[in-house]
Amino acid sequence: QVQLVESGGGLVQAGGSLRLSCTASGRTFSSDAMGWFRQAPGKEREFVATISWSGGKTYYADSVKGRFTISRDNAKNTVHLQMNSLKPEDTAVYYCAAATLGVPTSPRPYDYWGQGTQVTVSS
């Protein structure tokens, strides 16, 4: 079993930056992928970025590619999401998630989820 805790959300002006962090505890192994998803009011949860735990592969949604960077620190069981050039449409609750098979880019295959952190981008 894995527990995930997000931090780093907040309020930022359009064009600014935020850095989210997610720390995992409990059972982890090298094949676990860690991902970020977001959900805005009235919308479905959508993929943002993911990274393989040991393989070094990363994938990004088209809407954030070139602006967001996902990274990992396996010694601390921590994943980060650096968000630059933020837009009002990035406003959402951001969730960290862990998958035990592959490096999925959709929410359904992820087995464990954090409780989320609010990101608000003002225009």
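Colleague: Which residues are linked in a network of salt bridges?

Modeller: Quick caveats: this is a predicted model, where local features need pLDDT of at least 70, side-chain atom pairs count only at pLDDT 80 or more, and totals for chains, interfaces and linings use all residues. Residues are numbered from 1 along each chain as its sequence is written, and side-chain values use heavy atoms, with hydrogens and water left out. A salt bridge here is a side-chain nitrogen of Lys or Arg within 4 Å of a carboxyl oxygen of Asp or Glu. The network is made up of Arg38, Glu46, Arg67 and Asp90.

Colleague: How many salt bridges does a search of the whole structure find?

Modeller: Let's list them: Glu46 pairs with Arg38 at 2.7 Å, N to O, and Asp90 pairs with Arg38 at 2.9 Å between the closest N and O atoms. Arg67 also bridges to Asp90, with the closest N and O atoms 2.8 Å apart. For the whole structure the search comes to three.

Colleague: How many residues apart in sequence are the parts that Asp90 and Arg38 tie together?

Modeller: Asp90 forms a salt bridge with Arg38. Asp90 sits in the loop between β8 (78-83) and β9 (92-99), while Arg38 is in strand β4, so the pair ties together parts whose separation in sequence is 52 residues. Strands are DSSP runs (E, at least two residues), numbered from the N terminus.

Colleague: And for Arg67 with Asp90, how many residues apart are the parts tied together?

Modeller: These two form a salt bridge as well, Arg67 to Asp90. Arg67 lies in the loop between β6 (58-60) and β7 (68-73) and Asp90 in the loop between β8 and β9, so the parts tied together are apart in sequence by 23 residues.

Colleague: Is Glu46 buried, exposed or partly exposed?

Modeller: The cut-offs are relative accessible area under 20% for buried, over 50% for exposed, and partly exposed in between (1.4 Å probe, protein chains only). Arg38 is buried at 5%, Arg67 is buried at 11%, and Asp90 is buried at 0%. Glu46 has 30% relative accessibility, so it counts as partly exposed.

Colleague: Which side chain makes a polar contact with Arg38 at 3.0 Å?

Modeller: A polar contact means N or O atoms within 3.5 Å; within protein, one must be able to donate a hydrogen and the other to accept it, and residues adjacent in sequence count only if both atoms are side-chain atoms. The 3.0 Å contact is with the side chain of Tyr94.

Colleague: Moving to the sulfurs, which residue does the disulfide join to Cys22?

Modeller: The structure holds one disulfide, meaning a pair of cysteine sulfur atoms within 2.5 Å. With -80° about the S-S bond, the link is left-handed. Cys22 is buried at 0% relative accessible area. At an S to S distance of 2.0 Å, its partner is Cys96.

Colleague: How many residues apart in sequence are the parts which that pair ties together, Cys22 and Cys96?

Modeller: The disulfide joins Cys22 to Cys96. Cys22 lies in strand β3 and Cys96 in strand β9, so the parts tied together are apart in sequence by 74 residues.

Terms used. Helix = DSSP H or I, 4+ residues; strand = E, 2+ residues; numbered from the N terminus.
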